[in-house]
Amino acid sequence: WNQVIIMKILFIDACISIHPKSRTRQLCEEYLKQAKDKTVERLNLESLSLVPLTSEMLAKRESLIQKGQYEDKMFAPARMFKEADEIVIGVPYHDLSFPSVLKVYIEHIMVNGLTFRYTEGKAEGLCRASSLTYITTAGSYIGNRNFGYEYVKAVAERLGITETNLICADGLDVEGVDAEQIMREKL
């Protein structure tokens, strides 16, 4: 029997911007247009209103983990991340890294027993995704200071995602630079 398997991309939109047309989001949309025969599940981090984990939240989380109650709504972002076949993160370069909304999201998806587990003294990733693509834009040149990508790459490895890709359009606000040309060249 022929069963059609549709691959699912989780687009984590951390494209916070004061501009109505976020360049990072524009780059992400162009990238996602290339995802033929795949469904795209969109997750806008600003609309989630996640808050940093507090002592009280950590206690509840640990209790739920001890009971194996991963169906709790607290773990919804982690379950969504775990079940994706491919991850795309769109986030502007911000203060040598990325906006804090992405760090808070990462706190919520790093769940022992759900997205990773410890075996024989080391972490083993439990996520299904085969790859993670990190898309970012910056007004200045980043050079070797893309600490946000390096951090997300390490998170991906912890969660079992071995392939990471970087798409970076930087120098977009440098005087005399053709920002539109740089954007076109990235895809």
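Q: What volume does the second largest pocket have?
A: In this predicted model, the second largest pocket has a volume of about 170 Å³.

Q: Which residues line the second largest pocket?
A: Its lining consists of Ser49, Leu50, Val51, Met57, Lys60, Asp72, Lys73, Met74, Pro77 and His108. By class, the lining of this second largest pocket has 5 nonpolar, 2 polar and 3 charged residues.

Q: What is the volume of the largest pocket, and which residues lie nearest its centre?
A: The largest pocket has a volume of about 280 Å³. Its lining comprises 16 residues, and Ile16, Ser17, His19, Arg23 and Pro92 lie nearest the centre. Sorted by class, the lining of the largest pocket has 6 nonpolar, 7 polar and 3 charged residues.

Q: What is the phi of Glu120, and where is Glu120 found?
A: Glu120, a residue other than glycine, has a positive phi near 50°. Glu120 is found in the loop between β4 (116–119) and β5 (122–125).

Q: Why does Glu120 count as exposed?
A: Exposed means over 50% relative accessible area. Glu120 counts as exposed because its relative accessibility is 82%.

Q: How is Leu96 classed by its relative accessible area?
A: Partly exposed covers the range between buried, under 20%, and exposed, over 50%. Leu96 is partly exposed because its relative accessible area is 43%.

How values were computed: Residues are numbered from 1 along each chain as its sequence is written. This is a predicted model: local features need pLDDT of at least 70, side-chain atom pairs count only at pLDDT 80 or more; totals for chains, interfaces and linings use all residues. Side-chain values use heavy atoms; hydrogens and water are left out. Buried means under 20% relative accessible area, exposed over 50%, partly exposed in between (1.4 Å probe, protein chains only). Helices (H or I, at least four residues) and strands (E, at least two) are DSSP runs, numbered from the N terminus. On a 1 Å grid over the protein atoms alone, a cavity is a set of points where a 1.4 Å probe fits but cannot get out, and a pocket is an open set with protein on both sides within 12 Å along at least five of seven lines; lining residues have an atom within 4 Å of a point. Grid points are joined across faces, edges and corners, and a volume is the space filled by probe spheres set on the points. Ala, Val, Leu, Ile, Met, Phe, Trp, Tyr, Cys and Pro count as nonpolar, Asp, Glu, Lys and Arg as charged, and the others, Gly among them, as polar.
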